[in-house]
Amino acid sequence: RLALVMKSGKYTLGLKSTLKTLRKGKAFLVIISDNCPALQKSEIEYYAMLAKTGVHHYSGNNIDLGTACGKYFRVSTLAITDAGDSDIVKHVPQAGAAKEDK
């Protein structure tokens, strides 16, 4: 599903751009790698809670998340702004419910 978002949807990679999209309220879902630093992880979760956005903790480290995105570099955080043809937002329970309330 993540590969389909990378092809057909819109997303932002990295901590700074993820926080920007969360502040704007444009993110549907935030994916955080397993080895993301605790301070950054809690900051993202706080912003996501304020924006009523779902957070998914990816089971692999940042190298695995980068590979899953089809990139050749490490990705610790990822914000999905438009799922495109993918149904990834519906399959993560927090994300779908949070955006339907708005």
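Predicted model: local features only at pLDDT ≥ 70, side-chain atom pairs only at ≥ 80, totals over all residues.
Helices (DSSP runs of H or I, at least four residues) and strands (runs of E, at least two) are numbered from the N terminus. Residues are numbered from 1 along each chain as its sequence is written, and side-chain values use heavy atoms, with hydrogens and water left out.

**View 1. The whole chain, end to end.** Six helices and four strands make up the element list, and from the N terminus they come in the order α-β-α-β-α-β-α-β-α-α. Of the 102 residues, 43% are buried (under 20% relative accessible area, with exposed being over 50% and partly exposed in between; 1.4 Å probe, protein chains only). Take the contacts (heavy atoms within 4.5 Å) between residues at least 6 apart in sequence: 79% of them join residues at least 24 apart.

**View 2. Strand β4 and its two partners.** Five of the six residues in β4 (residues 77-82) are buried, so the rest of the structure largely encloses this strand. Strand β1 (residues 10-13) pairs with β4 in the antiparallel sense, over four bridges; to count as paired, two strands need at least two DSSP bridges between them. Look for Tyr-11 sitting opposite Ile-80 of β4. Strand β2 (residues 29-32) also runs antiparallel to β4, again with four bridges, and here Val-30 has Ala-79 as its bridge partner.

**View 3. The two sides of helix α2.** Tucked away in α2 (residues 15-24) are the buried residues Thr-18, Leu-19, Thr-21 and Leu-22. Down the helix axis these buried residues fall within an arc of 165° (taken from the directions from the axis to the C-beta atoms), so they line one face of α2. An α-helix has 3.6 residues a turn, so residues three or four places apart point the same way. The buried residues of α2 pack against β1, β2, α3 (38-51) and β4.

View 4. Average pLDDT for the chain is 86, and 89% of the residues score at least 70. Over residues 96-102, though, pLDDT stays under 50, and the model has twelve contacts beyond four places in sequence for this stretch.

Definitions and conventions:
pLDDT = per-residue confidence, 0-100.
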